[in-house]
Amino acid sequence: MKKFIGVLAFIIMFMFSSCSSDADSALADCSAVSCASGNIIIQFLDAETGEDVFFNDTYSFDELTITDVSNDADFPFVTGISDDSQIAQVVLNAFSESRSNVMLRLTVPDGFETDLSFDVEYKEGECCNINDYSDVQFSNVVNVVQSQGGFFYNVYL
């Protein structure tokens, strides 16, 4: 048992020393690190039925536009559908710089329009860059439920 504890202690010490941020040490091996995406992920749901409005074909992703209100430019995003979970999600691109008072307009013509506002702090890491979002708000919606560490939003229309 003492050998096992000794080996376990050695492994733990090795793990902590290999993650050292000492400027004189070699760059960390990030090949085994799985980074969180840093993207905001949104699912749009019907407030009365709870059904996903893109999965049930109430709206089409082909009609969805996202505009950065500050410069009236298209904001990049991707969409994904899971038939198993009956979920359709909109994933906003991550930021590569800090920004305050970000305002994005998400629109489906003859469907809905909501403004998404937030602040984002971009943090460079040794292996992963991080987007830290704060003051996330949606307008013209019935309810919003935030989950899974603040990156996932269920928006009820």
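How many disulfides does the count come to? In this predicted model, the count comes to one disulfide.

**Close-up 1. The disulfide that joins C30 to C127.** A disulfide is a covalent bond between the sulfur atoms of two cysteines. Here C30 is joined to C127, with a distance from S to S of 2.0 Å, and the link is left-handed, with -75° about the S-S bond. The two cysteines belong to distant parts of the chain, 97 residues apart, since C30 sits in the loop between α1 (2–18) and β1 (41–45), while C127 sits in the loop between β7 (112–123) and β8 (130–138). C30 has a relative accessibility of 25% and therefore counts as partly exposed, and C127, with a relative accessible area of 30%, is also partly exposed.

**Close-up 2. The ring pair of F44 and F54.** The structure holds twelve aromatic pairs, and one of them is formed by F44 and F54, whose ring centres are 5.9 Å apart and whose planes meet at 70°, so the pair is edge-to-face. Because F44 lies in strand β1 and F54 in the loop between β1 and β2 (65–68), this pair ties together parts that are ten residues apart in sequence. Both F44 and F54 are buried.

**Close-up 3. The ring pair of F54 and F112.** The ring centres of F54 and F112 lie 6.3 Å apart with their planes at 75°, so this pair is edge-to-face. It links distant parts of the chain, 58 residues apart, with F54 in the loop between β1 and β2 and F112 in strand β7. F54 counts as buried at 3% relative accessibility, and F112 is buried with a relative accessible area of 9%.

**Close-up 4. A cluster of rings.** Ring pairs link F44, F54, Y59, F61 and F112 into this cluster.

Definitions and conventions
Residues numbered from 1 in each chain as written. Predicted model: local features only at pLDDT ≥ 70, side-chain atom pairs only at ≥ 80, totals over all residues. Heavy atoms only, no water. Disulfide = S-S within 2.5 Å. Helix = DSSP H or I, 4+ residues; strand = E, 2+ residues; numbered from the N terminus. Buried < 20%, exposed > 50% of the residue type's maximum accessible area, 1.4 Å probe, protein only. Phe/Tyr/Trp six-rings, centres within 6.5 Å; stacked < 30°, edge-to-face > 60°.
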